[in-house]
Amino acid sequence: MRRIAVSGSASGIGAAVRRRFGDGGAEVIGVDLDQAEVIGDLSTPDGRASAVSEVLERSGGSLDAVVACAGIGPHTPEVPRIAAVNYFGALGFLDGLLPALQDGEDPVAVAIVSNSLGIIPRDDALVAALLEGDEQAASAAAASVDGVTAYGNSKYALAVAVRRRAAVWGEAGVRLNGVAPGPVDTPLLQATIDDPVLGPHVDDLPMPLGRRGAPEEIAGIVAFLLSDAAALVHGSIVFADGGTDAVLRPDAV
Ligand SMILES: NC(=O)c1ccc[n+]([C@@H]2O[C@H](COP(=O)([O-])OP(=O)(O)OC[C@H]3O[C@@H](n4cnc5c(N)ncnc54)[C@H](O)[C@@H]3O)[C@@H](O)[C@H]2O)c1
């Protein structure tokens, strides 16, 4: 039986991933603030360490896949928390579980990033602090920008971090990729829509396929990346946004 750890498993995309693999007979170890096998808060170093150690305990130190879905939206009032959860939380989860993946069968991991990584203007100080792993400096940099900037830059840095791990993770025998969705109908997107400032702009971007995504569609891409059909896909960011990124950045390949 395949054993998979999924963060953010209680809602939205993480819940769809959990359903897809749980229904398919896998053992899913969900991690979330509530309603999960492992209750943990990925926003702090201590919370990450205890969530990772509980997953290691439950899995017997062996995992075949890890999917980092936990995240918070650009509407979050406490802006530094966006960087803490979406960047440090995701990487702490992935890196902390790498040894267990190395013990697994055809091991593979996926991080959910966002197509905002290529759309939101870059904040160099925040990106530098994130990529240096300096959580204090990142928190200070995030405190001086708005939630949209913190969100897009945290996702950009996470995508870069995924690609930067290709050499080491590949040598360790573990594939790692990112999925970059556009708007997907989940509670996170609904909270953004309900935000009086951000809400009116949610549908501003061009969307060639003319609709938002469903969490199950993102889970389908995760399933592909976790499958043998994607055995050569490593260090890639797969956009799943109905064509928005292609329209806005046609030359960014
Ligand atoms: N929905 C979208 O439009 C969209 C678009 C692009 C990327 N994403 C990304 O997809 C991922 C999943 O988002 P979603 O839309 O399913 O959101 P969601 O709010 O439905 O689910 C996110 C889950 O993460 C959990 N979480 C939040 N903070 C946490 C913490 N500190 N510790 C542990 N768990 C925590 C929440 O409790 C929740 O269950 C996020 O990383 C998000 O940034 C979403």
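1. A residue is buried if 20 or more other C-beta atoms lie within 10 Å of its own, exposed if 12 or fewer, and partly exposed in between, with C-beta atoms placed from the backbone. F93 has 27 C-beta neighbours inside 10 Å, so F93 counts as buried. A83 also counts as buried, because 27 C-beta neighbours lie inside 10 Å of it.

2. Ground rules. This is a predicted model: local features need pLDDT of at least 70, side-chain atom pairs count only at pLDDT 80 or more, and totals for chains, interfaces and linings use all residues. Residues are numbered from 1 along each chain as its sequence is written.

3. Overall build. The protein chain has 10 helices and 7 strands. These are DSSP runs numbered from the N terminus: helices are H or I with at least four residues, strands are E with at least two. The C-alpha trace spans about 45 × 40 × 35 Å along its principal axes. For 253 residues, a compact globule would have a radius of gyration near 18 Å; the chain has 17 Å, which agrees. That radius is taken over C-alpha atoms, and the globule rule is 2.2 Å times the number of residues to the power 0.38.

4. Of the 253 residues, 52% count as buried. Two residues are in contact if their C-beta atoms, placed from the backbone, lie within 7 Å. Among contacts with a separation of 6 or more, 77% join residues 24 or more positions apart.

5. Core. The largest nonpolar core has 79 residues. Such a core is a set of buried Ala, Val, Leu, Ile, Met, Phe, Trp, Tyr and Cys residues joined through C-beta atoms within 7 Å. V66, V67, A68, L97, L158 and V222 have the most contacts inside this core. Its largest share, 14 residues, comes from α3. In soluble globular proteins, nonpolar side chains tend to be buried together.

6. Helix α3. F93 is in helix α3. Leaving aside neighbours within four places in sequence, F93 is in contact with S7, L42, R48, V52 and A68. Seen from A68, with residues up to four places away not counted, the contacts are S7, A90, F93, L94, A111 and I112. A83 is also in helix α3. Outside four places in sequence, A83 is in contact with F88, L130, A138, S139, A142, A150 and S154.

7. Helix α1. Its 12 residues should span 16 Å at 1.5 Å a residue; the end C-alpha atoms are 16 Å apart, so the two agree. The expected span is 1.5 Å times one less than the number of residues. Of the 12 residues, 9 are buried: G12, I13, G14, A15, A16, V17, R18, R20 and F21. Their cover includes β1 (3-7), β2 (27-32), β4 (65-68), β5 (108-112), α8 and α9 (215-225). G25 follows α1 and has a positive phi, near 95 degrees.

8. Ligand shell. The ligand is surrounded by 29 residues, with G8, G12, G71, T186 and L188 the closest. α1 (12-23), α3 (79-102) and α8 (187-194) each supply at least two residues of the shell. By class, the shell has 15 nonpolar, 12 polar and 2 charged residues. Here Ala, Val, Leu, Ile, Met, Phe, Trp, Tyr, Cys and Pro count as nonpolar, Asp, Glu, Lys and Arg as charged, and the others, Gly among them, as polar.

Key: A residue is near a molecule or strand if its C-beta atom, placed from the backbone, lies within 6 Å of it.
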